Amino acid sequence: MEDKLHVVVNYLIMPLFAFANAGITLTGAEGASIGQVTFAVLIGLVLGKFVGIFLFTFLAVKSGLTVLPTGVTWKQIAGVALLGGIGFTVALFIANLSFSTAAQQDLLNQAKLGILLGTICAGILGYIVLRLTLPKEPSEDQDLLAH
């Protein structure tokens, strides 16, 4: 039963749970939540996390502090660095601390929308990069032909 529910829970229940608990207000024009904070948070999650993770990995490898695992390429590191932008809980916690007064509710809603959009963008971009760069698994037909 657990195996059958795995896909439903991971791709439907958990995202809905996260979205519902984010408390993002999606309202009409008078309460629109898109603003400068939305774009700043989105760029921070997608570009900022990517640059930070990729750059420090690069510096650690080039300085001799560590080595890339066998078979891992820099393109794959880039894909994983993009996935680093998927970060709901801490980002929401920081947004709630940053915009805690009643006068800052609009800024809090902008930040929450930026977190949601940034997480979605980072996930999609990371998936695309890794889908293009990871080695393909042989299908059953290829396995049978190899034998």
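User: Why is Q76 called buried in this predicted model?

Analyst: Happy to walk through that! The relative accessible area of Q76 is 9%. Buried means under 20%, so Q76 is called buried. The residue is found in helix α3.

User: What makes a residue a contact of Q76, leaving aside its neighbours within four places in sequence?

Analyst: Contact means heavy atoms within 4.5 Å. With those neighbours left aside, Q76 is in contact with G71, L130, T133, L134 and P135.

User: And V51, why is that residue called partly exposed?

Analyst: V51 has a relative accessible area of 42%, so V51 is partly exposed. The place of V51 is in helix α2. The C-alpha atoms of V51 and L82 are separated by 8.7 Å, although these residues are 31 apart along the chain.

User: How do you know that the span of helix α2 agrees with what its residues should give?

Analyst: Helix α2 covers residues 36-62, which is 27 residues. At 1.5 Å a residue, these should span 39 Å. The end C-alpha atoms are 37 Å apart, and therefore the two values agree.

User: Where does α2 bend, and by how much?

Analyst: The bend is at G44, by about 35°. Just after α2 comes G64, with a positive phi of about 85°.

User: Which residues of α2 are buried, and what do they pack against?

Analyst: The buried residues of α2 are V37, T38, L42, L45, V46, A60 and V61. They pack against α3, residues 74-83, and α5. Across the protein, buried residues make up 27% of the 147 residues.

User: What makes up the lining of the largest pocket, by class?

Analyst: The lining has nine nonpolar, four polar and no charged residues. About 400 Å³ of space lies in this pocket. Of the 13 lining residues, the closest to the centre are P15, I86, F88, T119 and I120. Helices α1 (2-22) and α5 (105-133) each supply at least two residues of the lining.

User: How many helices and strands does the protein have?

Analyst: The secondary structure comes to six helices and zero strands. From the N terminus on, the elements run α-α-α-α-α-α.

User: What share of the contacts with a separation of 6 or more comes from residues 24 or more positions apart?

Analyst: Such residues account for 77% of those contacts.

Terms used. Residues are numbered from 1 along each chain as its sequence is written. This is a predicted model: local features need pLDDT of at least 70, side-chain atom pairs count only at pLDDT 80 or more; totals for chains, interfaces and linings use all residues. Side-chain values use heavy atoms; hydrogens and water are left out. On a 1 Å grid over the protein atoms alone, a cavity is a set of points where a 1.4 Å probe fits but cannot get out, and a pocket is an open set with protein on both sides within 12 Å along at least five of seven lines; lining residues have an atom within 4 Å of a point. Grid points are joined across faces, edges and corners, and a volume is the space filled by probe spheres set on the points. Helices (H or I, at least four residues) and strands (E, at least two) are DSSP runs, numbered from the N terminus. Ala, Val, Leu, Ile, Met, Phe, Trp, Tyr, Cys and Pro count as nonpolar, Asp, Glu, Lys and Arg as charged, and the others, Gly among them, as polar. The expected span of a helix is 1.5 Å times one less than its number of residues. The bend at a residue is the angle between axes fitted to the seven residues ending there and the seven starting there. Buried means under 20% relative accessible area, exposed over 50%, partly exposed in between (1.4 Å probe, protein chains only).
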